[in-house]
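Could you take me around this model, one selection at a time? I have it open in my viewer and would like to know what to click on next and what is there.

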Amino acid sequence: MSTDDITYSTFTGWIDPPADLRPSLDSDITCEVAVIGGGVGGMATALRLADRGIDTVLLEAEFCGYGASSRNAGQLTGAPAGDPQILSALYPRRFPKVVRFAEDAVDFFEKDLLQRFDIACDYESTGNVGAAFSKGQLRKARRIAKILTKAGAHAKFGDNVELGLPDTFYGGFLEAAGGQLNPGKFCLGLRKAVIESNARVYERSPMRSIDNDGSQAVIHTPGGKVRAKKVVSATNAYTAELGIAPKRSETPIWVSMVETAPIDPARITATGWTSRSGIITEHNLLTSFRITPRNSIAFGVRQLRIGRGALPARTSDPAVVADLIEGFRAVFPSLHDVPIERTWGGWIAMTPSWLPVAGQTRKDNVYYSIGCNGHGLAQAPYLGTLIADLIAGDEMHENLEALWNPRPWFGPGLFKEPLLRATWAVDRLADRFTRPNR
């Protein structure tokens, strides 16, 4: 399948870069807390610290919102990442707390960020559906709905008609919390809020190294140094590259997105997709689908690429893009003639536990939040805010405690290229041999 006519972007398909970049750091300064990383997690952390009257500096290597924060599918979900069947078995006592954290993160996003700062980002409160592309996946979806409901989530199982899904799906479960938005516009709105706060924001100011004696940290950038009593690392997929958090805490994964040209809304409705809910397939390596405000369909994941060492600016692999398009045609055969316009991608962080992680390094003045495993749009800002409240002197919130890592080390992760390729192959065999014609 040719991908020659598709625009490959090194940024995102949702917005253009901001024109009002903040100055880079060009001197030596001091502060109470330095936040490293200007994604949605770092921006929310700095914003909360500034709200609490704490002298805060935010350092971002490019510009705030540059990374996966503005490159994702824009699906705000209130469920944990990963397979709830596995998570509930591995963490039976902890899992209900993780579910509560995930749903509370959506509530925080809607009220404390969107409403409070009046961020216009095309938000639609549609929920998201874990959708079954085969009868086997439908049985899996039913089990997951029961597990999530038992843990306190608002999950509803139904067939494709009840859930307003395309008729190529059998059904699935609706996660009622959350919906769809333009993540690029959200990043611009959050960036505006943090720039207008009392936090000092320096863009194009990458951290080169950090010296830390446990009482004070000195962060080195190309143009100057920041001396801080405390540091928050919100670098997510770039954490291993910078070496500020414990080793093996995350694996960087490149995730690709693809978007079609605008489609006549009547043609989308004719597929059976009447709910406009976001779709997340129940494959082992999911594929996501969503309708954008311009009535295109954006879709992504399906294949993953692991990053090692310094993470480069890059475009999506044409082979991955072609595979994503093949999956789109299978789900929407009646839209086979719809042109594909563009593709982009971003680096996300996957943790060994499949759970978001927060903690402190052996130098107790360095805090970190890592790896929402693809669900960071809602969870990273909430996690960063809870860390900010802890630094400000509050007792540790129960939702933060559920994710807190008391030991500054991690075991080896499962994300290896051979395993990811094998998992993709299993999904494709299942699509071919376990799914009868409908």
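**Before you start**

This is a predicted model, in which local features need pLDDT of at least 70 and side-chain atom pairs count only at pLDDT 80 or more, while totals for chains, interfaces and linings use all residues. Residues are numbered from 1 along each chain as its sequence is written, and side-chain values use heavy atoms, with hydrogens and water left out.

**Stop 1: the open sheet**

Colour the strands E1-E17-E13-E16-E15-E14-E5-E7-E6, in that order: these 9 strands form an open sheet with mixed pairing. Two strands count as paired if DSSP finds at least two bridges between them. Now look at the edges, where strand E1 (7-8) and strand E6 (155-159) stand; each has a single partner strand, so one side of each is left without a neighbour in the sheet.

Next, show helix H9 (residues 318-331), which packs on the sheet and touches E1, E13, strand E15 (287-291), E16 and strand E17 (340-350). Contact here means heavy atoms within 4.5 Å. The direction of H9 makes about 135° with that of E16; axes are lines fitted to C-alpha atoms, for helices over the stretch in contact, and angles run from 0 to 180 degrees between N-to-C directions.

**Stop 2: strand E16 and its partners**

Select E16 (residues 297-306). How many of its 10 residues are buried? The count is 9 of the 10, so E16 is largely enclosed by the rest of the structure. Buried means under 20% relative accessible area, exposed means over 50%, and partly exposed lies in between (1.4 Å probe, protein chains only).

You can pick out Met257 with its bridge partner Gly300, and Val258 opposite Phe299. E15 and E16 form a hairpin with 5 residues between them, and Asn295 in the turn has a positive phi of about 65°.

**Stop 3**

Show strand E10 (residues 209-212), which pairs with E11 in the antiparallel sense over 4 bridges. Ser209 has His220 as its bridge partner in E11. The hairpin of E10 and E11 has 4 residues between the strands, and Gly214 takes a positive phi near 95° there.

Continue to strand E12 (residues 225-233), again antiparallel to E11 over 4 bridges, with Arg227 as the bridge partner of Val218. E11 and E12 form a hairpin too, with 4 residues between them.

In a regular strand the side chains alternate between the two faces of the sheet. In strand E11 (residues 217-220) both faces are covered: Ala217 and Ile219 on one side, and Val218 and His220 on the other, are all buried.

**Stop 4: two crossing helices**

Select helix H3 (residues 95-115) and helix H10 (residues 376-391), which pack at an angle of about 85° with their axes 8 Å apart. H3 and H10 are therefore roughly perpendicular to each other, a label for angles of 65 to 115 degrees (under 35 is roughly parallel, over 145 roughly antiparallel, the rest oblique).

For the contact, show side chains including Phe101, Phe108 and Phe109 in H3 and Leu377, Tyr382 and Leu386 in H10. The residues of this contact divide into 13 nonpolar, 2 polar and 1 charged. Ala, Val, Leu, Ile, Met, Phe, Trp, Tyr, Cys and Pro count as nonpolar, Asp, Glu, Lys and Arg as charged, and the others, Gly among them, as polar.

**Stop 5: two loop residues with positive phi**

Go to Asp118, in the loop between H3 and strand E5 (128-132). Asp118 has a positive phi of about 50° although it is not a glycine, and it counts as exposed at 67% relative accessibility.

Then find Asn373, in the loop between strand E19 (366-370) and H10. Its phi is near 55°, a positive value in a residue other than glycine. Is Asn373 buried or exposed? Asn373 is buried, with a relative accessible area of 7%.

**Stop 6: the cysteines**

Finally, show the sulfur atoms of Cys64, Cys187 and Cys372. With a disulfide taken as a pair of cysteine sulfur atoms within 2.5 Å, the count comes to 0. The closest cysteine sulfur to that of Cys64 is in Cys187, 9.2 Å away and too far for a bond; Cys64 is buried, at 2% relative accessible area. For Cys372 the closest cysteine sulfur is also in Cys187, at 14 Å, again too far for a bond. Cys372 is buried, with a relative accessible area of 7%.
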